[in-house]
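Thanks for coming. I'll take you through one structure, a piece at a time, and define terms along the way.

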Amino acid sequence: MNSIKTLVYDGSFNGFLTAVFIGFEQKLTHADIQKKGQLQSGLFAETETIFTNIEKAQRVWNGVRNKSSSAIKNIYFAFLSEQNNMEGLLYRYIQKLMGSTYKGATDYSDDCVLKINSLAQKVGREKHRMEAFVRFQLTKDEVYFANIEPDFDVLPLISKHFRNRYADQPWIIYDVKRKYGLYYDLQTVEIISLDLTDIHTNSLEKSAVFTDSEYEYQDLWNNYFKSTTIKSRINTKLHVQHVPKRYWKYLSEKKEAV
Amino acid sequence: MDFNRIKEKLNILADAAKYDVSCSSSGSNRKNKDKGLGDAGNGICHTYTEDGRCVSLLKILLTNHCIFDCAYCVTRKSNDIKRAAFKIQEVVDLTINFYRRNYIEGLFLSSGIFKSPDHTMERLIAVAKKLRLEENFNGYIHLKSIPGASDELMYEAGLYADRLSVNIEIPTISGLKLLAPDKKHEDFIKPMLKVKNEIIRYSEERKIIKSTPKYAPAGQSTQMVIGATGESDKDIMYSATHFYKNFKMKRVYYSGYVPISTDSRLPSLGSEVPMLRENRLYQTDWLLRFYGFSVHEILDADNPNLEMDIDPKLMWALRNLNHFPVDINKADTRMLARIPGIGMGSVHKIISGRKYRNLNWEHLKKMGVALNRAKYFIICNSNDWERRDLDASKIKGMILQSQNGKFKNHYSNQLSLFN
């Protein structure tokens with residue numbers, strides 16, 4: 001069958017890969033893959049609900065990885081961008097990869113490849129920003145806590161970095177937008193969801209959750225940030241370009257600016 | 001801990017350290033050991049100051065007491081400023097607590113020279129040693145090599161630090177004599193040479209014994225002050241090349257002189273920081289390190305200074321029009337990298353992309369090539385290319401008209417009507 005068909009998956013990456021598998025199985029030239037709950041079906045389109053199947057997902061993953069390891073990274077990163085229509089783009093990308101005429105994911109004269117590349121790049125940049133902009137605050141139960149609000153769903157990507165680096169302290173990084181977080185208990189990292197009554201931005205008011213010295217260190221950091229600026233070289237445009245305003249409310253050094 | 005006292009010290013000693021521009025925390029490969037604290041790898045900029053520079057390390061002086069009187073330096077002996085000194089434990093606590101909150105990648109520790117170079121170096125090493133051995137800290141540590149420190153101490157410093165650096169500050173020996181009469185050129189060179197030799201020795205040993213401990217894994221760097229002694233761009237870049245080549249420097253930094261004193265040997269207070277010049281020097285530095293240029297192609301006796309209104313690669317291309325136009329679909333990497341408006345990222349995309357089809361203007365544009373500059377120097381799969389026989393000054397004029405750089409008012413001769 002060569003018509004457009006809508007495949008509805010559960011929103012997980014494995015679910016998406018399963019949908020790709022089904023698409024290939026049914027030899028769909030165009031697959032309209034959509035998340036459950038965000039469905040927008042066409043007038044004459046047929047819909048099929050996909051049940052996540054790890055085995056099928058694994059086969060797609062391995063198939064792509066055997067073609068190119070950079071492509072599999074691009075696919076995962078682009079998937080986490082949560083952009084509209086990213087699924088269709090990825091389906092085309094995987095089609096190209098698996099097709100016999102394409103040798104790899106390096107055809108930078110192809111629109112689809114460039115788009116996936118730039119999506120993956122954007123997500124990569126956000127990942128890097130989160131590794132930089134997470135600000136832990138020490139709670140009275142000795143857990144280093146940070147809440148973040150990233151543009152893309154980058155928590156799965158930064159987990160390893162923080163686990164390797166802060167191996168000797170328990171920490172939580174919580175995504176307030178997507179309402180889940182990572183908790184490291186000195187052994188493993190677990191996915192948690194919290195009942196956060198208030199989001200801990202860098203407000204001037206102190207919260208009773210955190211230790212007293214926590215605020216002293218924030219104050220020191222704030223001071224350091226100010227005294228390391230060279231006044232005769234102020235370049236606000238560059239500053240904002242590197243530290244976009246949407247992140248300011250979580251950065252203790254920008255307390256006064258928010 | 002007395003936070004108020006620490007805060008006061010931090011303000012003084014961070015303020016004094018900020019003119020050191022090196023901030024890189026990459027190039028090391030230190031792993032987290034025995035579930036300790038931290039690792040060092042690709043370098044992360046945790047925030048940026050309001051002047052747009054990255055903050056990745058806690059950059060402070062151990063003390064700003066100094067026995068030297070170098071004209072270009074804020075902490076010089078004769079300057080009437082507040083002085084302070086950290087205790088070793090205070091630096092350790094600050095570093096660890098900032099690091100645990102993910103504020104920094106590690107510590108950049110420098111110092112004014114008190115008592116003697118060796119005494120100062122010993123204290124710097126003591127901080128690094130304490131962090132590594134007592135706190136099991138595996139983050140990044142950048143120590144200053146104090147000019148005149150002994151070989152034994154330099155050897156020890158490399159065992160704990162990721163990077164070591166000596167700032168030669170003044171690119172010419174005559175300039176150094178003028179501004180820092182108590183310092184000798186050899187004092188700068190000696191620790192550099194020792195560290196370089198140790199790095200080579202350790203990497204040789206690692207080939208045989210894999211468990212050889214690390215020695216300054218992120219190498220050495222240095223810094224030069226720009227625009228303090230009337231040196232030419234050629235002086236600066238030739239001296240930078242010398243350090244890259246003979247001392248295997250990882251980086252040379254260029255720091256536009258920020259007027260801080262009324263000394264008659266120096267630019268007066270209130271004169272502008274040469275930021276555009278700094279930018280052009282960094283561009284040249286990149287051409288030398290990543291684009292396969294050699295320094296005499298860009299600067300020589302006839303052209304001792306870079307042009308301020310165009311970038312150095314364009315400057316080179318306009319002087320060497322005989323190499324152009326280049327065919328995008330045939331040229332080798334070396335030549336592609338020499339086309340103005342094409343960076344290394346685009347070079348790689350062109351090389352991979354042209355395997356599939358011949359590239360045209362549309363492809364190049366989407367890859368991110370700056371066509372407003374590149375179009376005068378290339379041909380591609382299209383009948384449309386620059387056919388007019390343009391000379392260098394015409395091309396330059398047209399490119400300048402088509403771009404609107406942030407520094408435009410620095411070099412535009414045209415008077416502004418509203419200002």
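I start with a definition: an axis here is a line fitted to C-alpha atoms, for helices over the stretch in contact, and angles run from 0 to 180 degrees between N-to-C directions. Helices (H or I, at least four residues) and strands (E, at least two) are DSSP runs, numbered from the N terminus.

Before the details, what you see is a predicted model, in which local features need pLDDT of at least 70 and side-chain atom pairs count only at pLDDT 80 or more, while totals for chains, interfaces and linings use all residues. Residues are numbered from 1 along each chain as its sequence is written, and chains are lettered from A and ligands numbered from 1 in the order in which they are written.

Two packed helices are described by the angle between their axes and the distance between the axes. In chain B, helix H2 (residues 88-100) and helix H3 (residues 117-134) have axes that come within 9 Å and cross at roughly 45°. H2(B) and H3(B) are therefore oblique to each other; angles under 35 degrees count as roughly parallel, over 145 as roughly antiparallel, 65 to 115 as roughly perpendicular, and the rest as oblique.

Which residues make this contact? From H2(B) they are B:Ile88, B:Val91, B:Val92 and B:Thr95, and from H3(B) they are B:Arg123, B:Ala126, B:Val127, B:Lys130 and B:Leu131. Contact means that the C-beta atoms of two residues, placed from the backbone, lie within 7 Å. By class there are six nonpolar, one polar and two charged residues. Ala, Val, Leu, Ile, Met, Phe, Trp, Tyr, Cys and Pro count as nonpolar, Asp, Glu, Lys and Arg as charged, and the others, Gly among them, as polar.

In the loop between H2 and strand S4 (106-110) of chain B sits B:Asn102. B:Asn102 is not a glycine, yet has a positive phi of about 65°. B:Pro325 lies in the loop between helix H10 (312-319) and strand S9 (326-327) of chain B. Most residues other than glycine have a negative phi, and most peptide bonds are trans.

Now a helix pair in chain A. Helix H3 (residues 69-80) and helix H4 (residues 86-98) of chain A pack at an angle of about 170°, with axes 10 Å apart. That angle makes H3(A) roughly antiparallel to H4(A). On the H3(A) side are A:Ala71, A:Ile75, A:Ala78 and A:Phe79, which meet A:Met86, A:Leu90, A:Tyr93 and A:Leu97 of H4(A). This contact has eight nonpolar residues, no polar and no charged.

Next, domains, whose bounds come from an automatic or database domain assignment. Chain A is given domain 1 (5-124) and domain 2 (134-254), with C-alpha centres 33 Å apart. Each of these two domains of chain A puts four residues into their contact. For chain B the assignment is domain 1 (3-274) and domain 2 (312-405), and there the C-alpha centres lie 40 Å apart.

Last, where the chains meet. How many residues does each chain give? Chain B gives 43 and chain A gives 39. H1(B) supplies the largest share of the chain B side, seven residues. By class, that side has 17 nonpolar, 13 polar and 13 charged residues.
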